[in-house]
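This report goes through one protein model for a reader who has not seen it before. Please look at the sequence and the structure first.

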Amino acid sequence: MNSNFEHILEKALEEIKDSRVKDAMSYSLFAKGKRLRPQMVYALVNDYQCDIHLANHFAASLEMIHTYSLIHDDLPAMDDDDFRRGMKTCHNEFNEAIAILAGDGLLTYAFQHITNDVLSDQQKVALIQLLADCSGANGMIYGQIKDFEAESTKICEDDLLDIHLHKTGKLFAAALMGACIISKHEEDLQKWQEIGYKLGIAFQIKDDILDATSNFETLGKSLSDADNGKTTILSFYDLVQAEQLYERYFDNIYHLLSTLNKEFTTIKNMITLLKLRNK
């Protein structure tokens, strides 16, 4: 991880005019998040022995898009959550209209920010296309609408895993695939995409487990899935079986890593830390 990442985010927002919308964008962007997606970008760029500073704009843009999705996910029309990252959700700190605009602002500015990068025009276009695909109507948004629709009907396990793949796995894959593009190792794109998808599904399985076994003080967010009547992995498995499924996903991820032509120590260590997370 770039130790100056928070400063990079601050610099990125300097071009935006002062307003309540900018205040709301900053409020959510600088909440105490895990920064998982930027960490993935930097870890893999480092493993490819590429200058990690070349990843700064893309990593910041990816975090902006992730934060926008959280702001909108928390809205009354969606999950209607009161807390995120241990703080009041954006619409509760400001209001619903400001929160919607803050999410819109982060999403659109993320793409503008990439155009200011020092990378080649070809790389910038590839990164913009990647982010648009992974966050748009065929990616994260597809997962969000399927997740929303699942609140009012029973879904099967395959449908739930498909939601996890699109809602979370797509942006995880974007982080890893973006690192390939920045490092000029496009030959590995397909395998990192698969790793990102499986990592996203596993991440959400763990979230379902933690929602059932942890508390607000530990997670820093509302435990709203049960209140919203959502199907979770525990709709199909007990806790022991869910943990076993979680382990199998990581076994598969480690196998995929072993088929690549490098050791990838940094990203592998990060994946192991993700596997062991408890919040």
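Which residues are buried in helix α1 (residues 5-13)? They are Phe-5, Ile-8, Leu-9, Ala-12 and Leu-13. Buried means under 20% relative accessible area, exposed over 50%, and partly exposed in between, with a 1.4 Å probe and protein chains only. Helices (H or I, at least four residues) and strands (E, at least two) are DSSP runs, numbered from the N terminus. Seen down the axis of α1, the buried residues fall within an arc of 130 degrees, so they line one face of the helix; the arc is that of the directions from the helix axis to the C-beta atoms. The cover over these buried residues includes α2 (20-29), α3 (36-47), α4 (56-73) and α6 (96-115), where contact means heavy atoms within 4.5 Å.

The model is predicted: local features need pLDDT of at least 70 and side-chain atom pairs count only at pLDDT 80 or more, while totals for chains, interfaces and linings use all residues. Residues are numbered from 1 along each chain as its sequence is written, and side-chain values use heavy atoms, with hydrogens and water left out.

**Salt bridges**

A search of the whole structure finds 17 salt bridges, each a side-chain nitrogen of Lys or Arg within 4 Å of a carboxyl oxygen of Asp or Glu. The table gives three of these pairs.

| Pair | N to O distance |
|---|---|
| Glu-93 and Lys-88 | 3.6 Å |
| Glu-149 and Lys-146 | 3.9 Å |
| Lys-275 and Glu-247 | 3.1 Å |

Lys-275 in helix α13 (residues 265-275) and Glu-247 in helix α12 (residues 239-258) are 28 residues apart, and their pair links distant parts of the chain. Lys-275 counts as buried at 19% relative accessibility, whereas Glu-247 is partly exposed at 35%. Shared partners also join salt bridges into one network of Asp-73, Asp-79, Asp-147, Glu-151, Lys-167 and Lys-230.

Glu-149 and Lys-146 are three residues apart in helix α8 (residues 140-149), and so are separated by about one helical turn. An α-helix has 3.6 residues a turn, so residues three or four places apart point the same way. Glu-149 is partly exposed at 38% relative accessible area, and Lys-146 is partly exposed at 32%. In the remaining pair of the table, Glu-93 is partly exposed at 35% and Lys-88 is partly exposed at 41%.

**A nonpolar patch**

Helix α8 also holds Ile-145, which is partly exposed with a relative accessible area of 37%. Tyr-142, Ile-145 and Phe-148 make a nonpolar surface patch of about 240 Å².

**Cysteines**

How many disulfides does the structure hold? The number is zero, a disulfide being a pair of cysteine sulfur atoms within 2.5 Å. The cysteine sulfur closest to that of Cys-134 is in Cys-180, 12 Å away, and therefore too far for a bond. Cys-134 is buried at 3% relative accessible area, while Cys-156 is partly exposed at 39%.

**Positive phi angles**

Most residues other than glycine have a negative phi. Gln-49 is not a glycine, yet its phi is positive, about 60 degrees. Gln-49 is placed in the loop between α3 and α4 and is exposed, at 72% relative accessible area. Arg-85, also a residue other than glycine, has a positive phi near 55 degrees. Arg-85 is found in the loop between β1 (83-84) and β2 (87-88), and is buried at 17%.

Note on methods: Patches are made of residues with over 30% relative accessible area and no salt bridge: like charges are joined within 9 Å, nonpolar side chains (Val, Leu, Ile, Met, Phe, Trp, Tyr) within 5 Å. Accessible areas come from the Shrake-Rupley method with a 1.4 Å probe; for residues, only the protein chains shown count as cover.
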